[in-house]
Amino acid sequence: MKNTKFLLPSGYKKSGWWIFGITVVLIILHFIFQSQCDFSLNNLRELFGMERLEGKGDLFSGFLSSSFGPNDDLLLTFIGILLIVAGIFIGFSRNKEDDEFIEQLRYESLILSLYINSGIVLFCLIFVWGLPFLWVMMINIFSILYVFIICFYLRLYLNKRSIRYEKQD
Amino acid sequence: MKNRIKVARAEVNITQGELAEKIGVTRQAVNSIELGKYVPSTLLALKMAQYFGKTVEELFMLEEGD
């Protein structure tokens with residue numbers, strides 16, 4: 001009856017919210033202390049004296065040095081990874097009560113989020129130009145996931161609220 | 001599509017929540033089916049019919065335009 005083949009176990013949802021909370025704190029700290037802290041590769045090299053970051057050593061260190069420029073902000077990358085992981089955990093883990101109706105809500109929310117996200121990107125493509133568009137592109141990496149989460153949980157809440165006041169006869 | 005789930009529930013005197021528990025779905029699902037907002041799967045329709053001791057056609061009816 002219910003098809004939860006691609007969903008994570010429900011325990012992941014709580015972990016997802018914790019990761020999201022930590023990520024929000026990191027984002028706030030990053031913007032507050034941006035000028036004072038530099039989490040670039042150069043800084044890490046000084047902090048830890050890691051020769052591997054200069055491309056010397058094994059295959060893994062070579063990958064690191066080719067993937068990141070010396071002044072790339074590693075914290076932003078880490079934040080991005082956490083946001084995606086949190087979004088997947090929150091959005092795609094099973095609910096405690098899962099049935100075909102919830103599955104249908106999830107499917108419709110996914111389609112709705114695609115429409116909403118495409119609309120936002122379309123609007124930004126037309127009206128946002130120059131360097132601010134970089135922010136649009138960055139936010140677009142995560143927006144579809146979080147628009148889906150908002151759509152799904154909002155529809156779940158509205159549905160629960162509509163039956164709360166119905167007489168259970 | 002219209003249905004007679006509410007009538008069938010009244011005949012056996014059970015609530016939406018109790019019916020939901022018996023057939024393994026949420027109360028939201030039963031409520032949405034009764035209001036015609038959601039069309040149940042074949043399996044769920046058969047489970048409901050079996051629980052009430054009726055046929056699926058007695059519980060669910062096609063309307064003009066379906």
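Mentor: Of the contacts in chain B between residues at least 6 apart in sequence, 55% link residues at least 24 apart; a contact means C-beta atoms, placed from the backbone, within 7 Å. Keep in mind that this is a predicted model, where local features need pLDDT of at least 70, side-chain atom pairs count only at pLDDT 80 or more, and totals for chains, interfaces and linings use all residues. Residues are numbered from 1 along each chain as its sequence is written, while chains are lettered from A and ligands numbered from 1 in the order in which they are written.

Chain B has five helices and two strands, read as DSSP runs numbered from the N terminus (helices H or I, at least four residues; strands E, at least two). Starting at the N terminus, the order is β-α-α-α-α-α-β. The C-alpha atoms take up a box of roughly 35 × 20 × 20 Å along the principal axes. The radius of gyration of chain B is 11 Å, which agrees with the value near 11 Å for a compact globule of 66 residues; that's over C-alpha atoms, with the rule being 2.2 Å times the number of residues to the power 0.38. Buried residues account for 29% of the 66, buried being 20 or more other C-beta atoms, placed from the backbone, within 10 Å of a residue's own.

Now the partner: 14 residues of chain B are in contact with 13 of chain A. On the chain B side, helices H2 (16-23), H3 (27-34) and H4 (42-52) each supply at least two residues, and H3(B) gives the largest share, five residues.

Definitions and conventions: Two residues are in contact if their C-beta atoms, placed from the backbone, lie within 7 Å. A residue is buried if 20 or more other C-beta atoms lie within 10 Å of its own, exposed if 12 or fewer, and partly exposed in between; C-beta atoms are placed from the backbone.
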